[in-house]
Amino acid sequence: MAVPPIQRSPLPAGLRHSWLLDVVLGLLVLVALPLAIVTIPNTLSVVADLLPGDFDQIGLSRTHGLALPALMLTVPLAAVALRRMKVAHVLVAGLALVAVADAAGGYAASELVVGVVRVLRGVGGGLIVPATLVAVWDRTPALRGLWAGVLCVSLLEAQALALWPLVDVTSWKVTLQPYPMATGVALALAAAYLLVWRLAGRAPAPAPDARERSRLLLAAVPAAAIAVVAVSTASAGWGVVPVILLAGVAIAGLLALGSIGRAEGRTHAYTMVAVGVVLLPSTAQVTLVEMGGLGGPGLRGLWTPFGVAAVLAVVAGVGVRMFAKGVGRLAAPLGLLAMVVGLCSVRLVVPSADGLVLAVPFTLLAVGATVAVTATLGEVGIGAAAFGLSLGVAGVLAGYLLGTGVQMWMLEGVGSRQELVDSFVGALHWWALIGGFLLVGVIVLAAVMGRRPSREEEPPSGEEPAEVAVGAGRERGAAAQEPVTTWGSVVPEGSPAPEEDEPAEPVPAVPPQAPSPEDGERS
């Protein structure tokens, strides 16, 4: 006799529609992504007076700066690892590393321990950034716009967020554990996300294909080279000209590496490099110039313009993703042009004793970067998106190197306090000019290279490559299982993804029905 198919127990209504998973993921992005980016700034010099007398301040400051090289080396490797690892597990692991770094920071008593703590925190942040991108990729469209907005806002405010806990502190170790409460909240949200993800059926996350994984590994090469240059520059005390030239070569190398692939992938890579080089290094200098004592309102006076910029950037990211799909080639240059205008306004209004005026450059920079990133993300697949993110994170350190070279050039021969203040302001104005020309150059480069044909057959977002489509057709022959979306294919829930080297044998979508034994009995 025929055996009826096994029916799976229905999920609760909230989990069946995945709204709870989206809500938890959105909250996790809002907390975890800024926590990862705030790892980047090196703030040890701000509390130098609190260091014990037997500490080498210069050596300790170099060690404290190891977090950014660790983060940017981890991002491409983590994106590759997400092919085999569950994104929920990677998120929990990244936040757990940040929590361990926070706990260990309270016991730091040597340069070695400080270096270990900062490297751990950098690796944790490097796991969080690509994991959150992969996690939101196939969810509701608003989440991808939210991710882009929070990323750009985090880059905008990272320096201020890193300095905020250091106001009126009595221990230098606060630099190693700036937001322990936020770390705990983020870790709890990651655990909740893991639980809801399991209850919702463990839907597999998208992942780069073999070609994109190779490019991601390639992206780790310039990241390592830039890290070596940065550490060598800080250790050997190189002159102004070598630092500026090496930073320029690093930026040019990132743009050249971004030229690999389809036109949409190039535009996204160029955009991410430009945002990485310009956004955080620019606002870091603005924040330092606007500190109390240099003619600005201090940190407290910056939070209102930062808040305005943050809200508008997140709204812009969600709006572009939901209502302006397919406009990457138009919206991306407009967003970068808005950043150019923001840098021009920096030259006009900074320094300013009125913090509200800074809402103009902050908003133009944050909204422009968010629009450009969100628009280009909508034009590419997950592999190209992770590749561009890797280049953009490396661009942050390249931008820091270039900004440091400009500051070194302006600070030569400074003798008095007033000359020091004027030199910092002059360095910021020169940097704003250089950053503006860099953004214009990227716009032109994207326009020219966007028309260049490519031999690669990278599928656009939402289109299936041939070999994956065959594997998807094979899997669709399975009985009445709930399909869930993965990168470029539809695979039954809980089934393993098709292997890349699996032979593509033609399999009928529905197998022929076998004769029933009851038919023979009737005859």
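The chain has 18 helices and 2 strands. The model is predicted. Of its 523 residues, 51% count as buried. Among contacts with a separation of 6 or more, 84% are between residues 24 or more positions apart.

**Surface**

- The accessible surface of the chain is about 22600 Å², and carbon and sulfur atoms account for 66% of that area.
- A nonpolar patch on the surface is formed by Trp409, Trp430, Leu433, Ile434 and Phe437, which together have about 500 Å² of accessible area.
- Helix H16, residues 417–449, gives the most to the nonpolar patch, with 4 residues.
- Leu433 is found in helix H16.
- Leu433 has a relative accessible area of 32%, so it counts as partly exposed, a class that lies between the buried limit of 20% and the exposed limit of 50%.

**Nonpolar cores**

- The largest nonpolar core has 135 residues, and those with the most contacts inside it are Trp147, Trp172, Tyr193, Ile226, Leu279, Met339 and Leu389.
- Helix H15, residues 382–411, gives the most to this core, with 14 residues.
- Another core, of 5 residues, lies apart from the largest one; among its members are Ala316, Val320, Val371 and Ala375.
- Leaving aside neighbours within four places in sequence, Trp147 is in contact with Val29, Leu33, Val129, Thr132, Leu133, Val136, Leu377 and Leu389.

**Helix H5**

- Helix H5 covers residues 87–105, which makes 19 residues.
- From its first C-alpha to its last, H5 reaches 27 Å, close to the 27 Å expected at 1.5 Å a residue.
- The buried residues of H5 are Val87, Ala88, Val90, Leu91, Gly94, Leu95, Val98, Ala101, Asp102 and Gly105.
- The cover over these buried residues includes helix H2 (19–37), helix H6 (111–137) and helix H8 (180–199).

- Leu280 is found in helix H11, residues 263–289.
- The relative accessible area of Leu280 is 0%, so Leu280 counts as buried, for which the value must be under 20%.
- Not counting residues up to four places away in sequence, Leu280 touches Ile40, Leu155, Ala158, Gln159, Val275, Val396 and Tyr400.
- Leu280 and Leu156 are 124 residues apart along the chain, while their C-alpha atoms are separated by 5.5 Å.

Notes. Residues are numbered from 1 along each chain as its sequence is written. This is a predicted model: local features need pLDDT of at least 70, side-chain atom pairs count only at pLDDT 80 or more; totals for chains, interfaces and linings use all residues. Side-chain values use heavy atoms; hydrogens and water are left out. Buried means under 20% relative accessible area, exposed over 50%, partly exposed in between (1.4 Å probe, protein chains only). Contact means heavy atoms within 4.5 Å. Accessible areas come from the Shrake-Rupley method with a 1.4 Å probe; for residues, only the protein chains shown count as cover. Patches are made of residues with over 30% relative accessible area and no salt bridge: like charges are joined within 9 Å, nonpolar side chains (Val, Leu, Ile, Met, Phe, Trp, Tyr) within 5 Å. A salt bridge is a side-chain nitrogen of Lys or Arg within 4 Å of a carboxyl oxygen of Asp or Glu. A nonpolar core is a set of buried Ala, Val, Leu, Ile, Met, Phe, Trp, Tyr and Cys residues joined through side-chain atoms within 4.5 Å. The expected span of a helix is 1.5 Å times one less than its number of residues.
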